[in-house]
Amino acid sequence: MNIRHDGKTYRESHGNEAYTHPAAGWGAAKSVTRVLLRERAMVDGPRAIFLMNHENGGFDCPGCAWPDDTKGLKLDICENGIKHVTWEMTPKRVTREFFAAHTVTELDEWSEFALEDQGRLTEPMVYDPDSDTYVPISWQGAFDLIGRTLRDLDSPDEAAFYTSGRLGNEATFLYQLMAREFGTNNLPDCSNMCHEASGRALQAALGTGKGTADLKDWETAEALFIMGVNAASNAPRMLTALAEAYRRGAQIVHVNPLVEAAATRTIVPHEMTDMALFKSTRTSTLNLQVRIGGDMALLRGIAKAVLEEARHDPKAIDREFIDRYTDGFEEYRAVCEATTWEELERQSGLPRADILKAADVYSRSDRTLISWCLGVSQHEHGVDTVREIVNVLLLRGNLGREGAGPSPVRGHSNVQGNRTCGIDHRPTAQFLDRLADVCGIDPPREHGLDTVGTVRAMHEDRVKVFIGMGGNFVMAAPDTAYTREGMARCELTVHVSTKLNRSHLAHGRQALILPCLGRTEKDFQRRGIQATSVEDSMSMVHLSVGMKKPASPHLLSEPAIIAGMARAALPDSATPWESWIEDYDRIRDTMAQVLDGFEDFNRRVRLPLGFRIRQPARELVFLTPSGRAEFSAAPLPDTVPQDGTLVLQTMRSHDQWNTTIYSDNDRYRGITGLRTMVLMNADDMRARGIADRTLVDITSTSKDGTRRQLTGYQAIAYDLPAGCAAGYMPEMNVLIGAADYSTQSDQPLMKSVRAHIVPSPPPDAPQNVTAEPAGATP
């Protein structure tokens, strides 16, 4: 494959070989050593390893949101966390001289890896259209440009304020306050693309947008169902919990179209004896390869089997719990009885015998926990599937007891904290009332724009200013070309980042790149070094303190950048922005008055491991209209592709974090030096005349009828259910049209691309070029 790096092109070999080793273990140790050497971090890297995820003076891993160990583990780390930290701590720098030497047009030809590999951004930069380069600008000059442009808008709703999951709680609170004091609820975030379905489903079913389980529940569950999760890459510290569960005799059921490495066996690196003896531990007792999108049918099959068993053994369900705490049970039972086993087999892609195996595991367990990730949520029926998870749990009273409950796996370090602290385009009236009372502002009440709505509004000239706190919006959003075109129509784009990425090159008519501190760096303010807080995926809130001197003296913290923008955009604001930045305790004191569960914030967050936000549903208090947990009786969706179409899911490689590409390798899937590939079922390949490792063209058709195509991708035979295929994001995001989003959650359908895959024509074959409607990706 051809890779562009530093303006040069070279060829890298590629191939694939089945991965047969345990997850983590010596493979992870070897990978970490290579990373430390590559990033020249042999001193700071090991030091960071011993400070990451520690309660006393440590910093929170900027990677996944898995909770910190509760038993005093000294090395609560993983391979991907170390990659993420060393990637941030690189000694490489992107200076004004770099920008002067490379036009934006030239940089746009570089790979994603090459852009970020240039190193840390060092000072504010503004786009100069005459030279097609970014040139230096002072911080005050940047703030003045932002403030002037925002004040000149005809409506506050012509601005959108995006955030990725990297933003700490204090910065999150300031960001949403700035947007709402400015006058808009246009607060799109990465949750709109990942777990929006989970939040909406849990809110409807239980009256909370979060899971109820915590790490102690993982440690005591008798059965764990892991659905649509690639834990070895996306939440590697989960491997410790899975290994411990297996050793104590728990049943572990993995549900995924691909049997990922985490669903086989592992050697946990901090278990030194096992490492020395190469002793692995199994991480599953049952693997079920559902068809893509077939999870809901499997869950309904489990429920149907349990309800059929209850006809002969009333104890198969917890009738006392159902009668006392739930609503809608009889309607749900009727739906399960009306669904035939033939339909459940067809939609799940599993034989009845396998569904009954899962049901037997569930029936025999008194404490069951169900966990899931994007393989469940990124579908048209994502909300219904998460509600089906709750349905199954409710049948046997697996809520409000130790070792049980729903447990979504959030993929980014503080994405849950972002939502908790106010990043929500659909805020509740209660939250807005509290914000108005405490902060003395008049926040808007109309719902704002999410990610999909923001991209559409940019195209329609309804959003003219885009401000992004972290992330790589252009590459993370669907329909890459359409998103780029929308960004280019903006009057001003502002990206607050640590490294250069594609979104900086898809700029508006005016554009700023504002460099910020990383999670690993010390945050010096007037009243000393500051700590920020984050919330993990199980509602624990704890402090994070950087360990390293900032990469440049010109970097500002994210709270300081937000305060600077706010003061420039809101010159008459009574909000004490400057005072808050001097001492983040002052921000937390205000948050304690606004946010439920944050009372006495400054004291509690300094407790060992911080504190857990109260979860009423865990205490069997349901903030739903009925005051009870709500069963859902949604119809089963049709997931079976028709007319030779395959269902394609996008995914991350192991050497990748969101849109950051560390290399073109994917160790756990046995792929090296290759990203332009598609995994296919061997029978599907034969039916289409596709030989293993030959080139194919992939064409998708969107809901609006437009077609998109990727050409010259390598097809690799892989253990996938018939009718299914898989490939990497962000490259395959071009196949997902602007109209391809769920009507239940408004999430882009990243795991549900309807595609035709055919052999690529010979290089000398005549090309048949057809015109496409506007918005189609060529």
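Leu298, Gly301, Ile302, Ala305, Val306, Glu308 and Glu309 in α14 meet a set from α18 that includes Arg352, Ile355, Leu356 and Tyr362, where contact means heavy atoms within 4.5 Å. Sorted by class, that α14–α18 contact holds nine nonpolar, two polar and three charged residues; here Ala, Val, Leu, Ile, Met, Phe, Trp, Tyr, Cys and Pro count as nonpolar, Asp, Glu, Lys and Arg as charged, and the others, Gly among them, as polar. This is a predicted model, with local features needing pLDDT of at least 70 and side-chain atom pairs pLDDT 80 or more, while totals for chains, interfaces and linings use all residues. Numbering runs from 1 along each chain as its sequence is written, and side-chain values use heavy atoms, leaving out hydrogens and water.

Now for helix α20, residues 382-395. Helices here are DSSP runs (H or I, at least four residues), numbered from the N terminus. α20 is mostly covered, with 14 of its 14 residues buried, meaning under 20% relative accessible area (1.4 Å probe, protein chains only). After α20 comes Gly397, with a positive phi near 70 degrees.

Within α20, have a look at Glu388. Glu388 counts as buried because its relative accessibility is 1%. Beyond its neighbours within four places in sequence, Glu388 is in contact with Met296, Leu299, Arg300 and Tyr332.

Notes. Helix = DSSP H or I, 4+ residues; strand = E, 2+ residues; numbered from the N terminus. Expected span 1.5 Å × (residues − 1). Buried < 20%, exposed > 50% of the residue type's maximum accessible area, 1.4 Å probe, protein only.
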